Each structure stands twice: as C-alpha cells, then as structure tokens.
Amino acid sequence: MNADTLPDTLLRILADKEAELRERAAATPIGEMERRARDVGRPRDFTGALCDAVAEGRIGLIAEIKKASPSGGLIRDPFDPAGLAQAYEAAGAACLSVLTDAPWFQGSPADLVTARSSCALPVLRKDFMIDPYQVFEARAMGADCILLILAALSDAQARELEEVARGLDMSVLAEVHDQRELDRALGLHTRLIGVNNRNLRTLQTDLATAEALVPQIPADRIPVAESGLRTPEDVRRMAAVGARCILVGEHLLRQPDVTEAARAMVQAG
Ligand SMILES: O=C(O)c1ccccc1NCC(=O)[C@H](O)[C@H](O)COP(=O)(O)O
C-alpha cells in the first residue's frame with residue numbers, strides 16, 4: 001500500500017482508524033482482547049452460508065446494516081439493527097454485513113452484537129481493518145467474517161490479518177477494485193473475493209467494474225459483487241458474469257418494506 005496514492009476519503013478514514021485503535025488498545029490490551037475472542041464460542045459459517053444459498057439456486061445475499069455512509073449521508077433513521085436483522089433473515093438473506101465504524105458510518109460494535117443476537121445468520125464486521133487487534137475485537141463482539149480492503153493494506157498486512165482470522169476460524173472477504181488488487185487478493189487463502197463497484201476517489205458506483213473483474217476470478221474462488229446494486233435487473237447483470245453472491249446496503253435500507261426488497265434480490269437470480 002502506498003499512502004501517497006490512496007484516495008482522500010480512504011486516507012482520512014484510515015487516519016481515524018489509527019487513532020481509534022490506539023484508544024481501544026489502551027483501554028483493553030491486545031492480550032485481553034485475544035482471550036475474549038477465544039472465549040466467545042465458535043463462529044457461524046459465513047462462507048458455507050453463501051455456498052449453500054448458491055447450491056440451492058438462490059442468490060447469496062449479504063444484507064448490510066448501516067445507518068449512514070460518506071456517499072449516502074444519513075440512510076435510515078430511525079435505525080433498528082435488531083429489526084433489520086430479522087427482516088433480512090425472513091427474506092432469505094444468507095449473511096449480514098454490519099458497519100461498526102462510528103465517524104463515517106454512524107455504526108458501532110453494539111449494532112453488530114444486537115443484529116447477530118437477533119437472528120441466526122453469520123455476520124461480517126464491515127470496518128477498515130489495519131491491525132490484528134481489530135480481528136480479535138471483531139471475534140470478541142461475535143463477528144464471523146472480516147473484510148480486508150486490499151486498497152488499504154500492504155500484502156504483508158493482508159496476510160497477517162488473514163492468518164489471525166483463520167486462527168479464529170473466521171471467514172475473510174478480500175475486497176478489490178481493480179485487476180492489480182485482484183491479483184494480490186488471489187495470493188491470499190480466502191475463497192471470498194469481493195469486487196467493489198464503488199470508485200473510492202469519486203465514491204460513485206459502476207457495475208461495469210464487477211462485469212470486468214468477476215470473469216477474471218478463478219473457479220475455485222467465490223466472487224461477491226458489492227455496492228451500487230439497486231434492482232433485480234442489477235442482480236441478474238452480476239449473476240450473468242458469474243457473481244451469484246452480492247453485498248447490498250443502501251438500496252435495501254432506503255425501503256419501507258426491507259423484507260420485500262431483500263426477497264426480490266434473493267430471488268432475482
Ligand atoms: O459507501 C460509501 O460511501 C463508502 C465510502 C468509502 C469507503 C467505503 C464505502 N462504502 C462501503 C461499502 O462498500 C458499502 O457499504 C457496501 O459495499 C454496500 O454498498 P451499497 O449497496 O451501495 O450501500
């Protein structure tokens with residue numbers, strides 16, 4: 001990772017993450033966080049839930065729970081993580097993604113704890129992971145999967161974070177935006193390769209990103225199309241190039257009937 005070439009928003013988010021990490025580690029040292037992570041019980045099978053959905057002919061939907069975002073501003077208010085988790089589960093979503101970042105997404109670890117305890121779905125901690133401490137913290141709060149944003153990590157960092165997650169039996173979603181990041185992601189063990197349609201410089205989404213990259217993903221990996229999906233037709237576009245797993249947030253969260261909107265996506269393929 002070269003900090004000089006990082007998009008401005010990502011750079012600012014990562015600076016906030018460093019500060020948050022220092023504060024949290026001062027309050028709860030890493031040894032104690034690791035002990036909590038190992039004491040919390042077995043994770044739910046995130047990768048398996050996506051594979052099962054696809055094997056059963058459904059779209060493997062990772063349904064996102066977030067109150068706000070840099071691109072969307074305030075997305076859902078009032079915001080009820082427990083109700084959303086239950087609505088997504090009723091719709092047939094395979095997994096949840098819960099934003100735990102506070103400054104940019106108005107999320108919190110409590111949102112993840114509440115959402116996970118309200119349903120039986122495996123849960124991704126959606127945050128900006130830069131240090132093993134956050135992986136232990138993710139498992140300690142109950143997360144079953146972590147996100148590794150290749151744009152924000154060196155290869156050595158990505159490998160280290162993946163090793164910690166694997167040691168805790170967690171899944172890893174490796175997220176890429178271009179061919180170079182995809183090549184790097186394929187050097188990791190994880191089968192879950194997320195192609196994010198959001199350009200981190202402009203914050204605009206373009207499904208052509210996944211259309212170009214998903215066909216480059218080897219058959220032994222599981223492509224996940226992320227960001228900017230709004231209609232069943234969008235879902236079919238992603239499925240047509242080989243992404244039968246998708247991660248959807250803003251569109252679902254802006255609907256009055258979240259269950260119906262999520263069900264339409266699950267059944268679109
Ligand atoms: O969403 C943003 O504005 C954003 C800005 C900077 C870094 C990441 C960002 N979003 C994270 C995500 O990738 C999305 O939450 C996720 O893929 C769902 O996307 P959407 O369905 O478009 O809400």
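Residues are numbered from 1 along each chain as its sequence is written. Because the model is predicted, local features are reported only at pLDDT of at least 70 and side-chain atom pairs only at pLDDT 80 or more, whereas totals for chains, interfaces and linings use all residues. Helices (H or I, at least four residues) and strands (E, at least two) are DSSP runs numbered from the N terminus.

An unreviewed UniProt entry places the feature "domain: Indole-3-glycerol phosphate synthase" at residues 12-264; such positions are given in the numbering used here, feature names are shortened, and annotations may be inferred rather than shown by experiment. In the model this span is 44% helix and 17% strand, and its end C-alpha atoms lie 36 Å apart.

Burial is assigned by counting other C-beta atoms, placed from the backbone, within 10 Å of a residue's own: 20 or more for buried, 12 or fewer for exposed, and partly exposed in between. A nonpolar core is a set of buried Ala, Val, Leu, Ile, Met, Phe, Trp, Tyr and Cys residues joined through C-beta atoms within 7 Å, and two residues are in contact if their C-beta atoms, placed from the backbone, lie within 7 Å. The largest nonpolar core has 86 residues, and those with the most contacts inside it are Leu-96, Ile-246 and Ala-262. With neighbours within four places in sequence left aside, the contacts of Leu-96 include Ala-63, Ile-65, Tyr-88, Ala-115 and Val-123. Val-224, in strand β9 (residues 222-226), counts as buried because 26 C-beta neighbours lie inside 10 Å.

In helix α5 (109-117), the buried residues are Asp-111, Leu-112, Ala-115 and Arg-116. They lie on the same side of α5 because they cover an arc of only 120 degrees around the axis, the arc being that of the directions from the helix axis to the C-beta atoms. Ala-110 and Ser-117 are exposed on the other side of α5, while the buried residues pack against β1 (60-65), α4 (81-91), β4 and β5 (123-126).

The ligand is surrounded by 20 residues, of which the closest are Ser-69, Ser-71, Ser-227, Gly-249 and Glu-250; a residue is near the molecule if its C-beta atom, placed from the backbone, lies within 6 Å of it. At least two residues of this shell are supplied by each of β10 (245-248) and α11 (250-253). The shell has 6 nonpolar, 9 polar and 5 charged residues, where Ala, Val, Leu, Ile, Met, Phe, Trp, Tyr, Cys and Pro count as nonpolar, Asp, Glu, Lys and Arg as charged, and the others, Gly among them, as polar.

Most residues other than glycine have a negative phi, and most peptide bonds are trans. The peptide bond from Asp-77 to Pro-78 is cis, with omega near 5 degrees, and Pro-78 is found in the loop between β3 (73-74) and α4. Asp-169, which is not a glycine, has a positive phi of about 60 degrees and lies in the loop between α7 (155-167) and β7 (171-176). Leu-203, also not a glycine, has a positive phi of about 65 degrees and is located in the loop between β8 (192-196) and α9 (208-213). Asp-169 is exposed, with 11 other C-beta atoms within 10 Å, whereas Leu-203 is partly exposed, with 14 C-beta neighbours inside that distance.
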